[in-house]
Amino acid sequence: MERNGSAIGVDDDRDMIREPLLLKNRVNTTSQIAIVGANICPIESLDYEIVENDLFKQDWRSRKKVQIFQYVVLKWALVLLIGLATGLVGFFNNLAVENIAGFKLLLTGNLMLKQSYYLAFAALAGCNVILATCAAVLCAYIAPSAAGSGIPEVKAYLNGVDAYSILAPSTLFVKIFGSIFGVAAGFVVGKEGPMVHTGACIANLLGQGGSRKYHLTWKWLRYFKNDRDRRDLITCGAAAGVAAAFRAPVGGVLFALEEAASWWRSALLWRTFFTTAVVAVVLKSLIEYCKKETCGLFGEGGLIMFNIDNSVPSYNTIDLLAVILLGVIGGIFGSLYNYLVDKVLRTYSIINERGPGFRVLLVIIISILTSCCAFGVPWLANCIPCPANAKEDCPTKGRRGSYKSFQCPDGHYNDLASLLLTTNDDAIKSLFSSLNTNEFRIPSLVFFFFAMYFLGIITYGIAIPSGLFIPVILAGASYGRLVGRLLSPIANLDCGLFALLGAASFLGGTMRMTVSLCVILLELTNNLLMLPLMMLVLLISKTVADCFNKGVYDQIVTMKGLPFLEAHAEPYMRHLVAGDVVSGPLITFAGVEKVGNILHSLRMTSHNGFPVIDEPPITDAPELCGLVLRSHLLVLLKGKVFTRHRRLSGTETLKRYHAFDFAKAGSGKGLKLEDLDIDPEEMEMYVDLHPITNTSPYTVVETMSLAKAAIAFRELGLRHLCVVPKTPGRPPIVGILTRHDFMPEHILGLYPHIDPHK
């Protein structure tokens, strides 16, 4: 791996390329690329640092108390809107899925009652293919970045990684409707992961700070034209997405804290909690409205809430040993699941690279396979007599129920059809049910587990919005209930509680979350009495799985090539210092620089930041004035505040510009180099960079441990970290560290003799 001036002026955009693992055979023509959803695009870093230049200081000094109060009120108003919008979208998703899937299942069921088996299969498969094709076309042609879960992309964004269209309005549109079509098409996917991405997209849309393109640049929106405020709002959006998906407001806050966010503070905790509380109120109100049977086939159960047996669970030694066993099984199955998802994603990437048409074709193939499994596997099951004390109709009449007759005579039901020919939410409710221990036979649970396990693996990675929570819960609940059935003669816990613990163990083994998963599952099941056992099974499954590989979202972030900075430094970084990974030639500007020199540097590089060095006669000796951003240079050059001679002219710039003129544009709509119109005469003129230069950039001495520098870089949310010399008499800056410089691929490429494990 060769490196061309990575410390040079400097961003993650540069000639050296960090390739995603899924693109090893691709000829890379851009600066740095990654896979976002199913789309391949260049990526940049976000800058959470406050740019303390003269314009910022002037604005801060002139800001009145009423403006500060207005900013605080508006931020709370925005998180309120995020909660309202996410709650409404979450309800709409469930309403649409329940009605579309309900119509499909009713049609299939009625044809089965008439013994028109081939026609029933044609209706089921036909509906599934149509819905799957709609989702795939949206994803493949309109917003490829909407494919997949979206949680890895949101997690990377909150870590400081930006990519084109990751949170764009088109992505939001496709995420909503693609998720509806995909889940209603019967795929073994959930809408919970996409809801996190949806919430983040809603937050990004509301926090754009207006749009010059659509003339929505209201004065009160300008406060949020920076990465810091957008990051806070998107964190609230991600938490709101979990709250809307699971009806778990506290779980949403903890998910954002434990899994999504890389940077946290107490004020953000309050805002996320407020946002998820708003989501909970919105969903509760809408569900109460739907109890009047005004929502079609939605009924009361569209938003998943699994009310399991509320009796006090008593458990003996056998139960505790069984819980430990479930934890170990969940850890092993979870790590194997992650390994197989890794292999499938690498295989699908070869197909996806061939173009949108092949992506749609792959979705159709998986849809037909899923339909064949859902309709064909129940034929392997024998009919079971209806229980005498059943609390619901047996066999099931209409859309919802746990006793589907399928091909069985009156008074009998098919337990596999009850799990496969229904929505994923209803299948989970049936598995968590404690009403009838013998409702599902042991062979049926085995068949269902393998079907969910492998269908979940091969479905993730195709060009539809797809979450991993529901497939994992389905597979985990099936083997949990299986263990409960086997131990029912000697165990005190019933099968429904074992299914819940099995789902928890598999979730812990795949996603490696503990606190947030524990609270989400407790809120889902409305049973706080299971807390000790839930904690135990999650801790065991995570510990076992960590022995084999990383969590599924961490694996996907790595495979997609997203330059994610971990919370801890790698061990080998302690053997290196900051000066070891910066290199030249370093591109710098003088405090008063010739316009032609700036334009030439901007054309020749794609760096985002450039050091500004004051030299005599402005100062006695060369010294680092600060750092100037590419976007600020473009705005300054566009305004043409030039002088014919090299002199300080910052006062004129301060009179002409306001700090908001240099605010970050939303969704890549900022000035580009092509927008400048500089004539040859102006190329020989000078421009004073002092008013837009950040005079207090974060700096480290060149002898600082690279591990320390990496931790500081991540914790401060930086895009550039200046490296200064330890000894006098040298140039005032050695180089600049960016996110790319801390990536293992880059460091081990420079020093191949280093053992990455020491």
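Colleague: Which residues touch the most other members of the largest nonpolar core?
Modeller: Of its 147 residues, Phe187, Met452 and Phe469 do. A nonpolar core is a set of buried Ala, Val, Leu, Ile, Met, Phe, Trp, Tyr and Cys residues joined through side-chain atoms within 4.5 Å. Buried means under 20% relative accessible area, exposed over 50%, and partly exposed in between (1.4 Å probe, protein chains only). This is a predicted model: local features need pLDDT of at least 70, side-chain atom pairs count only at pLDDT 80 or more, and totals for chains, interfaces and linings use all residues. Residues are numbered from 1 along each chain as its sequence is written, and side-chain values use heavy atoms, with hydrogens and water left out.

Colleague: What is methionine 452 in contact with?
Modeller: Contact means heavy atoms within 4.5 Å. Leaving aside neighbours within four places in sequence, methionine 452 contacts Val188, Leu420, Leu474 and Ala475. There is also a second, separate core of 26 residues, which includes Ile598, Phe610, Val628 and Leu676.

Colleague: How many helices and strands does the chain have?
Modeller: Helices (H or I, at least four residues) and strands (E, at least two) are DSSP runs, numbered from the N terminus. The chain has 25 helices and 13 strands. Of its 758 residues, 59% are buried.

Colleague: What span does helix α10 reach?
Modeller: The expected span is 1.5 Å times one less than the number of residues. Helix α10 (residues 317-352) has 36 residues and reaches 51 Å from first C-alpha to last, close to the expected 52 Å. At its start, a side-chain oxygen of asparagine 316 comes to within 3.1 Å of the backbone nitrogen of isoleucine 318.

Colleague: Now the sheets. What is the strand order in the one with β8?
Modeller: Two strands pair if DSSP finds at least two bridges between them. Here the order is β6-β8-β9, an open sheet with mixed pairing. The edge strands are β6 (589-590) and β9 (623-629), each pairing on one side only. Helix α21 (residues 630-639) packs on this sheet and touches β6, β8 and β9. The direction of α21 makes about 80° with that of β9. Such axes are lines fitted to C-alpha atoms, for helices over the stretch in contact, and angles run from 0 to 180 degrees between N-to-C directions.

Colleague: How many bridges join β8 to β9?
Modeller: Six, and the two strands run antiparallel. Strand β8 covers residues 609-614.

Colleague: Are the faces of β12 covered or open?
Modeller: In a regular strand the side chains alternate between the two faces of the sheet. In β12 (residues 721-724), both faces are covered. Leu721 and Val723 on one side, and Cys722 and Val724 on the other, are all buried.

Colleague: Last one. Where does tyrosine 223 lie?
Modeller: In the loop between α6 (192-206) and α7 (227-246). Tyrosine 223 is buried, with a relative accessible area of 7%. Its contacts beyond four places in sequence include Arg63, Gln70, Asp229 and Phe660.

Key:
A polar contact is a pair of N or O atoms within 3.5 Å; within protein, one must be able to donate a hydrogen and the other to accept it, and residues adjacent in sequence count only if both atoms are side-chain atoms.
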